[in-house]
Amino acid sequence: MQVEQNLQKAYRSIFDNDFEGAIHWFEQALAEGQDNADIHYRLSITCARSGQLEKAIHHARLAATLEPAHKEYKSHYDRLQSKELTLMAKKLLEKPQDPVRGLAKSAVALLERAVQLDPLSVIAQLWPVYSLW
């Protein structure tokens with residue numbers, strides 16, 4: 001089956017630290033079996049490792065949607081959303097602040113949601129503290 005061959009090539013690419021190649025082969029595998037949550041999940045992990053957060057979130061969401069009872073898929077999706085919210089908050093905190101600190105309040109709200117999604121995210125928990133220094 002072509003899906004299995006593409007997956008083997010993807011894993012070989014990961015072994016060779018060729019994450020772009022792995023992404024390509026995972027995508028090829030998905031072309032054969034679009035409703036495969038596990039392939040979406042593995043592609044998401046590879047995209048996240050390659051710094052492609054938006055694409056990683058997309059595939060994590062698909063995996064979690066296709067198999068809503070699978071806790072690992074949901075947890076992975078939550079962690080990626082937390083990372084995205086943390087990056088959004090960081091961008092807000094790096095902007096010049098207005099007198100009533102509206103941007104900071106918005107950033108804190110994003111970070112609070114990030115911590116809800118990923119309670120182990122040290123960055124989301126500590127970023128407001130560092131930004132005040």
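This is a short walk through the structure, one selection at a time.

**Before you click**

You're looking at a predicted model, where local features need pLDDT of at least 70, side-chain atom pairs count only at pLDDT 80 or more, and totals for chains, interfaces and linings use all residues. Residues are numbered from 1 along each chain as its sequence is written, and side-chain values use heavy atoms, with hydrogens and water left out.

**Stop 1: the whole chain**

Show the protein chain as a cartoon. What kinds of elements does the chain have? There are 7 helices and 0 strands, so from the N terminus on you read α-α-α-α-α-α-α. Helices here are DSSP runs of H or I with at least four residues, strands are E runs of at least two, and numbering starts from the N terminus.

Of the 133 residues, 35% are buried. Buried means under 20% relative accessible area, exposed means over 50%, and partly exposed is in between (1.4 Å probe, protein chains only).

One more number for the whole chain: take the contacts (heavy atoms within 4.5 Å) between residues at least 6 apart in sequence, and 46% of them join residues at least 24 apart.

**Stop 2: the largest core**

Select L7, F26, I39, L43, Y73 and L80. In the largest nonpolar core, which has 22 residues, these touch the most other members. Helices α1 (2–15), α2 (19–32), α3, α4 (53–66) and α5 each supply at least two residues of this core. Which helix gives the largest share? That's α4, with 6 residues. A nonpolar core is a set of buried Ala, Val, Leu, Ile, Met, Phe, Trp, Tyr and Cys residues joined through side-chain atoms within 4.5 Å. In soluble globular proteins, nonpolar side chains tend to be buried together.

Stay on Y73 for a moment. Leaving aside neighbours within four places in sequence, Y73 is in contact with A37, D38, Y41, A63, A64 and E67.

**Stop 3**

Select α5, residues 71–94. At 1.5 Å a residue, its 24 residues should span 34 Å, and the end C-alpha atoms are 35 Å apart, which agrees. (The expected span is 1.5 Å times one less than the number of residues.) Among the buried residues of α5 are Y73, H76, D78, L80, L85 and A89.

Now try α2. Its 14 residues should span 20 Å, and its end C-alpha atoms are 20 Å apart, so this one agrees too. The buried residues of α2 are G21, A22, I23, F26, A29 and L30, and what covers them includes α1, α3 and α4.

**Stop 4**

Click on T46 in helix α3. Is T46 buried or exposed? Buried, at 3% relative accessibility. A polar atom of the T46 side chain lies 2.9 Å from the backbone oxygen of R42. Beyond neighbours within four places in sequence, T46 is in contact with I14, F19, A22, I23 and F26.

Next, hop to H59 in helix α4. H59 is buried as well, at 9% relative accessibility. Setting aside neighbours within four places in sequence, H59 is in contact with L30, H40, Y41, L43 and S44.

**Stop 5: charged pairs**

Side chains of opposite charge can pair when their charged atoms come close. How many salt bridges are there? The count comes to 5, using a side-chain nitrogen of Lys or Arg within 4 Å of a carboxyl oxygen of Asp or Glu as the rule.

- R42 and D38, 2.7 Å from N to O. They are 4 residues apart in helix α3 (residues 37–49), so about one helical turn separates them. R42 is partly exposed at 32%, and D38 is partly exposed at 26%.
- E94 and K90, 3.2 Å from N to O. Both lie in α5, 4 residues apart, about one turn of the helix. E94 is exposed at 52%, whereas K90 is partly exposed at 32%.
- D16 and R12, 3.5 Å from N to O. D16 is partly exposed, at 45%.

Methods
A polar contact is a pair of N or O atoms within 3.5 Å; within protein, one must be able to donate a hydrogen and the other to accept it, and residues adjacent in sequence count only if both atoms are side-chain atoms.
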